[in-house]
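Trainee: Could we go through this model one feature at a time, with the cut-offs stated?

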Amino acid sequence: MTAKILSGKDFAAQIKESARLEVEEIKNKFNITPGLAVIIVGENPASQVYVRNKHKSCEELGIKSEVVTMPENTTKEELLNKIDELNAAKDIHGILVQLPLPDAIKNHSEEILNRINPLKDVDGFHPMNVGKLVTGSPALVPCTPAGCLEMLDLAGIEIEGKRAVIIGRSNIVGKPMLHLLMSRNATVTVCHSRTKNLSEVTREADILVAAIGKPKFVTADMIKPGAVVVDVGINRIAPKKLVGDVDFDAAVEVASAITPVPGGVGLLTVAMLMKNVVKAVKLQYQI
Ligand code: NAD
């Protein structure tokens with residue numbers, strides 16, 4: 001069997017087009033231009049690339065984009081004040097603080113992120129949004145797992161009643177993915193670094209999500225023949241070589257569908273951020 005390749009490029013384009021139409025509708029019907037503010041502190045080169053991509057996507061879709069650049073030596077108080085200012089700004093509906101923060105304020109990341117008005121928290125990290133996701137209320141959900149779910153839907157992959165296994169229990173990917181899949185009536189198991197007999201568990205999965213951060217960790221023998229494999233991992237193994245958490249070349253012979261790295265889940269994240277900005281507007285104006 002050779003798996004169908006789930007191309008992030010195609011799905012991201014579909015998600016963005018749907019966001020673009022919603023932006024247009026919000027502008028026409030309510031005279032509101034959705035606005036996103038991204039705060040970047042310091043000079044992390046990878047963060048600068050991510051922020052540029054977010055800005056570019058906003059421009060493509062007609063979303064107002066404000067990039068707030070703050071110096072490496074920004075204090076916690078200065079950053080909190082900036083967030084307060086953006087929380088109060090009428091033309092900004094989504095706020096995102098690009099992570100990681102510089103070492104000097106890194107330890108305060110939680111306090112800083114929690115300062116964002118939950119209705120503007122387009123990363124979905126605020127405890128209020130986490131709680132809503134867990135209890136099944138409308139919430140802003142972290143973009144990467146939300147993008148994975150959207151992709152499964154767009155690909156016509158059934159979730160209800162399926163056995164899903166997630167490897168990784170981070171707040172950004174693993175845990176929200178658990179709640180998203182469970183809310184769609186999958187039977188979900190979350191594995192992590194202390195899981196015993198990992199391959200036995202992963203081989204039960206109809207849908208296997210890998211979010212570990214270890215290159216080619218998931219080998220073909222860990223995958224049930226015909227499973228759908230979603231590879232969230234992004235691992236740089238050489239200056240210009242990215243690989244996922246799944247051994248793609250082997251897994252493609254076992255799975256029925258698989259996301260590649262690069263060109264898979266990574267592209268969905270920014271697309272989903274655009275959808276979250278639209279969702280934030282709708283939640284704020286209850287439209
Ligand atoms: P993390 O480091 O916070 O979590 C990794 C998880 O993997 C942990 O829960 C840990 O228990 C589990 N793990 C580690 N070793 C294991 C082992 N031997 N067996 C089983 N489980 C093990 O990472 P994260 O933030 O969830 O990110 C995971 C990967 O996804 C990374 O490669 C990251 O770069 C990537 N990622 C991609 C996107 C995107 O596509 N936009 C977004 C976020 C993260």
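Trainee: How far is a nitrogen atom of the ligand from an N or O atom in the side chain of T269?
Mentor: This is a predicted model, in which local features need pLDDT of at least 70 and side-chain atom pairs count only at pLDDT 80 or more, while totals for chains, interfaces and linings use all residues. Residues are numbered from 1 along each chain as its sequence is written, and side-chain values use heavy atoms, without hydrogens or water. A polar contact is a pair of N or O atoms within 3.5 Å; within protein, one must be able to donate a hydrogen and the other to accept it, and residues adjacent in sequence count only if both atoms are side-chain atoms. For T269 and the ligand nitrogen, the distance is 2.8 Å.

Trainee: How many residues surround the ligand?
Mentor: A residue counts as near a molecule if one of its heavy atoms lies within 4 Å of it. The closest here are R169, S170, S193, I234 and T269. The number surrounding the ligand is 21.

Trainee: Which residue has a polar backbone atom 3.4 Å from an oxygen atom of the ligand?
Mentor: A backbone N or O atom of H192 lies 3.4 Å from a ligand atom, but that atom is a nitrogen. For the ligand oxygen, the residue is V232.

Trainee: What is the strand order in the open sheet of six strands?
Mentor: Strands (E, at least two residues) and helices (H or I, at least four) are DSSP runs, numbered from the N terminus, and two strands pair if DSSP finds at least two bridges between them. The pairing is parallel, and the edge strands, each pairing on one side only, are β1 (4-5) and β6 (187-191). The order is β1-β11-β8-β7-β5-β6.

Trainee: Which residue of β7 stands opposite I167?
Mentor: β5 (residues 163-167) and β7 (residues 207-210) run parallel and are joined by four bridges. Opposite I167 stands A210.

Trainee: At what angle does α8 run to β5?
Mentor: Angles run from 0 to 180 degrees between N-to-C directions, with axes fitted to C-alpha atoms, for helices over the stretch in contact. Helix α8 lies across β5, β6 and β7. Its angle to β5 is about 170°.

Trainee: How many charged residues are in the contact of α7 with α8?
Mentor: The axes of α7 (residues 143-154) and α8 (residues 174-183) come within 9 Å and cross at roughly 35°. Contact means heavy atoms within 4.5 Å, and it is made by P145, A146, C148, L149 and L152 of α7 with P176, M177, L180 and L181 of α8. Ala, Val, Leu, Ile, Met, Phe, Trp, Tyr, Cys and Pro count as nonpolar, Asp, Glu, Lys and Arg as charged, and the others, Gly among them, as polar. By class there are nine nonpolar residues and no polar ones, and the charged count is none.

Trainee: Where is N185, whose phi is near 70°?
Mentor: Most residues other than glycine have a negative phi, and most peptide bonds are trans. The phi of N185 is positive. N185 lies in the loop between α8 and β6.

Trainee: What is the omega of the peptide bond from V261 to P262?
Mentor: P262 sits in the loop between β11 (257-258) and α11 (265-285). The bond is cis, with omega near -5°.
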